[in-house]
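I am opening a notebook on a structure that is new to me. I will write down what I look up, one topic at a time.

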Amino acid sequence: MNHLPEPVRPSVVQLPDGTHAYADSLPAAYAGPQVVHQHIHQAPPDRTVQRIALGSGVGAGAVAAGVYFGPLLVGALTAIAANIAFLAFLALVLGWGVHTVVKSVGSPEGTQAEKNVRKARRRRG
C-alpha cells in the first residue's frame, strides 16, 4: 500500500525571452501556461545525472567531485598520451639514425674498409 503522493514531473516551458526553463523553478511572473516549441538545439539543461546522484543519497560532495575530477582526469590522460607519442617519435628518429649508420657501414665501401683493416692487423701482428 503506497501512501505517498504521485511524483510531479517537471515540465519544460519556453520563457518570453526564448530560453527554456523547468516549470518547477519559475518565478511567479512566469507561472502561467505557455506553449512549448522545443527543438534539439533549444533543449533545457539536462539534470539527469545530478538527480540520479543526489536521489541515490550520494550527496552534493560527490557531484562536485565528479565535476572537478572529471576534466582533471581527461587532462591527465591527455598529457600521458602526449608523452607516449613524443617518446614513440623519439624512438622512431633514433631508430632511423641507427639504421642509416648501419646501412652506410654495411655498404660495399664499408665492407672493403673492413677487409683493409683486417689486412693491416695481420701485417702488424
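Entry on burial. I looked up the share of buried residues first: they make up 8% of the 125 residues in the protein chain. I note that this is a predicted model.

Entry on layout. I looked up the secondary structure and found three helices and two strands in the protein chain. Reading along the sequence, I get the pattern β-β-α-α-α.

Entry on aromatic pairs. I searched the whole structure and got one aromatic pair. The partners are Y68 and F69, and their arrangement is edge-to-face. I wrote down 4.9 Å from centre to centre and 80° between the planes. The label edge-to-face applies because the planes are over 60 degrees apart.

Y68 counts as exposed, because its relative accessibility of 54% is over the 50% cut-off. F69 has a relative accessible area of 48%, so I list F69 as partly exposed.

Entry on the nonpolar patch. Which residues form a nonpolar patch on the surface? I found L73, L77, I80 and I84, with about 400 Å² of accessible area together. I placed L77 in helix α2, which covers residues 60-105.

Is R122 buried or exposed? I have R122 down as exposed, because its relative accessible area is 64%.

Key: Residues numbered from 1 in each chain as written. Predicted model: local features only at pLDDT ≥ 70, side-chain atom pairs only at ≥ 80, totals over all residues. Heavy atoms only, no water. Buried < 20%, exposed > 50% of the residue type's maximum accessible area, 1.4 Å probe, protein only. Patch = residues over 30% accessible without salt bridge, like charges linked within 9 Å, V, L, I, M, F, W, Y side chains within 5 Å. Areas by Shrake-Rupley, 256 points an atom, 1.4 Å probe, with all protein chains shown as cover. Salt bridge = Lys/Arg side-chain N within 4 Å of Asp/Glu carboxyl O. Helix = DSSP H or I, 4+ residues; strand = E, 2+ residues; numbered from the N terminus. Phe/Tyr/Trp six-rings, centres within 6.5 Å; stacked < 30°, edge-to-face > 60°.
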